[in-house]
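Biologist: I am new to this structure and would like to learn how to read it. Could you take me through a few features?

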Amino acid sequence: DGEWSTCKTCVFVIERMKKGTNMLLPSICTELFGKEGDKAYADCHQVLNALEENGNNVRYWLFEGCYKYEEYQAKEWIKPCPSHVICSVLKSLAVKEFCPALAMEDPFKHFSENHSSATSTSL
């Protein structure tokens with residue numbers, strides 16, 4: 001959707017950090033204020049607070065990565081950890097995650113939709 005959200009604010013901040021900006025982190029919030037207004041600015045400072053409180057974890061997720069779990073029980077190491085995943089773990093001052101956790105991708109969904117009318121064959 002086109003509306004700016006707390007989740008988008010968190011992802012924006014993490015992406016700016018990944019980019020390796022030489023700016024101080026609060027200047028990211030100033031940039032957001034210019035683009036999206038008061039709410040994004042306030043949310044940005046909550047994200048910065050959460051980053052400060054979870055510094056070691058955030059550093060690990062950015063520089064070492066995290067696992068991506070698959071629906072079929074496999075897991076794959078991804079470096080850096082995706083921003084929306086980090087934001088689904090970080091909590092605001094209201095003790096609420098900035099982003100909802102996303103459901104696992106179903107790698108077979110597209111295949112089954114395209115082949116539902118096909119007859120079964122054997123090799």
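This is a predicted model: local features need pLDDT of at least 70, side-chain atom pairs count only at pLDDT 80 or more; totals for chains, interfaces and linings use all residues.

Biologist: Which residues of α3 are buried, and which are exposed?

Modeller: An α-helix has 3.6 residues a turn, so residues three or four places apart point the same way. Helices here are DSSP runs (H or I, at least four residues) and strands are runs of E (at least two), numbered from the N terminus. Buried means under 20% relative accessible area, exposed over 50%, and partly exposed in between, with a 1.4 Å probe and protein chains only. In α3, Ala 40, Asp 43, Cys 44, Val 47, Leu 48, Ala 50 and Leu 51 are buried. Seen down the axis of α3, these fall within an arc of 160°, so they line one face of the helix; the arc is that of the directions from the helix axis to the C-beta atoms. On the other side of α3, Asp 38, Glu 52 and Glu 53 are exposed.

Biologist: What do the buried residues of α3 pack against?

Modeller: Their partners are α1, α2 (25-36) and α4.

Biologist: Where does Phe 98 lie, and what is it in contact with?

Modeller: Contact means heavy atoms within 4.5 Å. Phe 98 sits in the loop between α5 and α6 (109-114) and is buried, with a relative accessible area of 5%. Leaving aside neighbours within four places in sequence, the contacts of Phe 98 include Asp 43, Val 47 and Ala 50.

Biologist: How much space lies in the largest pocket, and which residues are closest to its centre?

Modeller: On a 1 Å grid over the protein atoms alone, a pocket is an open set of points with protein on both sides within 12 Å along at least five of seven lines, and lining residues have an atom within 4 Å of a point. The largest pocket holds about 370 Å³. Of its 15 lining residues, Lys 68, Tyr 69, His 84, Val 85 and Leu 102 are the closest to the centre. β1 gives the most to this lining, with four residues.

Biologist: And which element gives the largest share of the lining of the second largest pocket?

Modeller: That is α4, with five residues; the space in this second largest pocket is about 270 Å³.

Conventions: Residues are numbered from 1 along each chain as its sequence is written. Side-chain values use heavy atoms; hydrogens and water are left out. On a 1 Å grid over the protein atoms alone, a cavity is a set of points where a 1.4 Å probe fits but cannot get out, and a pocket is an open set with protein on both sides within 12 Å along at least five of seven lines; lining residues have an atom within 4 Å of a point. Grid points are joined across faces, edges and corners, and a volume is the space filled by probe spheres set on the points.
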